[in-house]
Amino acid sequence: MIRRHHLIEEAKSELDVAYEEVKRAEQEIMGLEYTFNEKLAALSTAGADDPTVAKLTAEKEELQSKIDINHLYELQKSAVGRFAMVSSAFTLVGTVEDAAMCADLLRQVLFREPEIKGRRVEIDGIIRTFVKGLRAYSREDSSSELDQKVRTAWGEIESVLRELGRDI
């Protein structure tokens, strides 16, 4: 039986949505550039003065700023990071047989050593819960209860990462 891993599917979906939003915004910006260049070409044949060019430039820049492409790039970067973390976690849990080693590796992948100081017991507990839950879900029973256990543990991992200043 192939078990569906909803957490990784959701992270992938978030990444897809972010990618599509960036793609849409970039196309919109390219459309504004094309329109601007067309207007400039028409003006140059009509002998327009500099104030008209400045006005068109200001209009184009105002429309582009409303798109806020930099914000969309940040959202995409965050979605990429989250998907990478979830994928790494699923890869480790799926390939490393020893649960303790898996938890240690996952801690090393997700957290930087200075971040762990003073919180090692808490972080290790959350990671062990995640590993145990995902192993059970993947290998034994893909029940909604185990799915919820995995989601809750992953949510706690993300919560700690956010507390540490990570943008995920």
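Entry 1: I started with Arg 24 and Glu 28, whose side chains meet in a salt bridge, 2.9 Å from N to O. Both residues lie in helix 1, four residues apart, which is about one turn of the helix. I noted that the model is a predicted one. Next I looked up the accessibility of each partner. Arg 24 has a relative accessibility of 38% and counts as partly exposed. Glu 28, at 39%, counts as partly exposed too.

Entry 2: Then I turned to Arg 166, which forms a salt bridge with Glu 115; the closest N and O atoms are 2.8 Å apart. This pair links distant parts of the chain, with Arg 166 in the segment after helix 7 (144-163) and Glu 115 in helix 5 (residues 113-116), 51 residues apart.

**Entry 3: a bridge between helix 1 and helix 3.** I also checked Arg 82 and Glu 14, and found their side chains in a salt bridge at 3.2 Å, N to O. Here again distant parts of the chain are linked: Arg 82 belongs to helix 3 and Glu 14 to helix 1 (residues 6-46), 68 residues apart. Arg 82 is buried, with 10% relative accessible area, whereas Glu 14, at 38% relative accessibility, counts as partly exposed.

**Entry 4: the count.** How many salt bridges does the structure hold? I have 20 written down.

**Entry 5: helix 3 against helix 4.** Last, I looked at a helix pair. I reminded myself that two packed helices are described by the angle and the distance between their axes. The axes of helix 3 (residues 69-95) and helix 4 (residues 99-110) come within 10 Å and cross at roughly 165 degrees. That angle is over 145 degrees, so helix 3 runs roughly antiparallel to helix 4. The crossing is right-handed. Which residues make the contact? Helix 3 contributes Met 85, Ser 88, Ala 89, Leu 92 and Val 93, and helix 4 contributes Cys 102, Leu 105, Leu 106, Val 109 and Leu 110.

Notes
Residues are numbered from 1 along each chain as its sequence is written. This is a predicted model: local features need pLDDT of at least 70, side-chain atom pairs count only at pLDDT 80 or more; totals for chains, interfaces and linings use all residues. Side-chain values use heavy atoms; hydrogens and water are left out. Axes are lines fitted to C-alpha atoms, for helices over the stretch in contact, and angles run from 0 to 180 degrees between N-to-C directions. Helices (H or I, at least four residues) and strands (E, at least two) are DSSP runs, numbered from the N terminus. Angles under 35 degrees count as roughly parallel, over 145 as roughly antiparallel, 65 to 115 as roughly perpendicular and the rest as oblique. A crossing is left-handed if the near helix is turned anticlockwise from the far one by less than a right angle, and right-handed if clockwise. Contact means heavy atoms within 4.5 Å. A salt bridge is a side-chain nitrogen of Lys or Arg within 4 Å of a carboxyl oxygen of Asp or Glu. Buried means under 20% relative accessible area, exposed over 50%, partly exposed in between (1.4 Å probe, protein chains only).
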